[in-house]
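Please find below a note on the structure, arranged as numbered points for a colleague who has not seen it before.

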Amino acid sequence: MDEEITIIDSNTRNEKIKNFFINNKKILFIVVSIIIISVLGYFTSNEIKERKKIKLANQYNLATITFENSDKQKTINRLINIINKGDATYSPMALYYLLDNNLIEDNDQINSLFDLLISETRLKKEIKNLIIYKKALFNSNFISENDLIKMLNPIINSESIWKSHALYLLAEYFFSQNEMQKSKDVFNQIILLSDSNNNIKVESQKRINRDFSE
């Protein structure tokens, strides 16, 4: 008797499962299709991104090779094109190459390229902070105190690993402007900062001992 009940229950359960699939076959087909399309889309998207990355790498290498062959304008055009692509790896590298080799003399054009990276390129937070610091460093010789502070504020007012670098740049700027008390205050701030870069902290202490000792 128990065996017959078990068989009946099993048949009933199988019949319910069968009916469920029959009654919901359209929905199940749609769900399975969505899953398959999503998986294929994910792998296709990754493949496209990887191909774009390889293409940009080749473009970057070609740009640097043309510079070595003394074709300056082609190098500039190719590197600016890479910056405009908004790639998190090669766009910053392209700008650094332009700066390191002094390929662009127009400060406004350089700042517009910095702004393109900072505002329109998807970067990790600390990479963006590094680019902000580099922009401030580039501009520090010809902008006002207020403009430099405004430029560095996103880093100074954060817990960024570049905070002590930004403060050191500001302290050096004040020193160059003969704002001795402001310079000393910022050097002291670096020393008191718990997570300052150790080398910068040491250099700050040296500067205070050397330039501000009475």
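1. Exposed denotes over 50% relative accessible area, buried under 20%, and partly exposed the range in between, with a 1.4 Å probe and protein chains only. The buried residues of H7 are Leu 148, Met 151, Leu 152, Ile 155 and Ile 156. Viewed down the axis of H7, these buried residues lie within an arc of 140°, so they line one face of the helix; the arc is taken from the directions from the helix axis to the C-beta atoms.

2. This is a predicted model, in which local features need pLDDT of at least 70 and side-chain atom pairs count only at pLDDT 80 or more, while totals for chains, interfaces and linings use all residues. Residues are numbered from 1 along each chain as its sequence is written, and side-chain values use heavy atoms, with hydrogens and water left out.

3. The protein has ten helices and zero strands. Both kinds of element are DSSP runs numbered from the N terminus: helices are H or I with at least four residues, strands E with at least two. Of the 214 residues in the protein, 33% are buried.

4. The buried residues of H7 pack against helix H6 (125–139) and helix H8 (163–176). Contact here means heavy atoms within 4.5 Å. Among contacts in the protein with a separation of 6 or more, 48% join residues 24 or more positions apart.

5. Helix H9 comprises residues 180–192, and its 13 residues should span 18 Å at 1.5 Å a residue, which agrees with the 18 Å between its end C-alpha atoms. The expected span is 1.5 Å times one less than the number of residues. Ser 183, Val 186, Phe 187 and Ile 190 are buried in H9. These residues cover an arc of only 100° around the axis, which puts them on the same side of H9. The cover over the buried residues of H9 includes H8 and helix H10 (198–211). Gln 181 and Leu 192 are exposed on the face of H9 turned away from its buried side.

6. How many cavities of 30 Å³ or more does the count give? The count comes to one. A cavity is a set of points, on a 1 Å grid over the protein atoms alone, where a 1.4 Å probe fits but cannot get out; lining residues have an atom within 4 Å of a point. The largest cavity holds about 40 Å³ of space, the volume being that filled by probe spheres set on grid points joined across faces, edges and corners. Its lining includes Ser 160, Lys 163, Leu 193 and Asn 197.

Note on methods. 1 Å grid on protein atoms, 1.4 Å probe; cavity = no way out; pocket = protein on both sides within 12 Å on 5 of 7 lines; lining within 4 Å.
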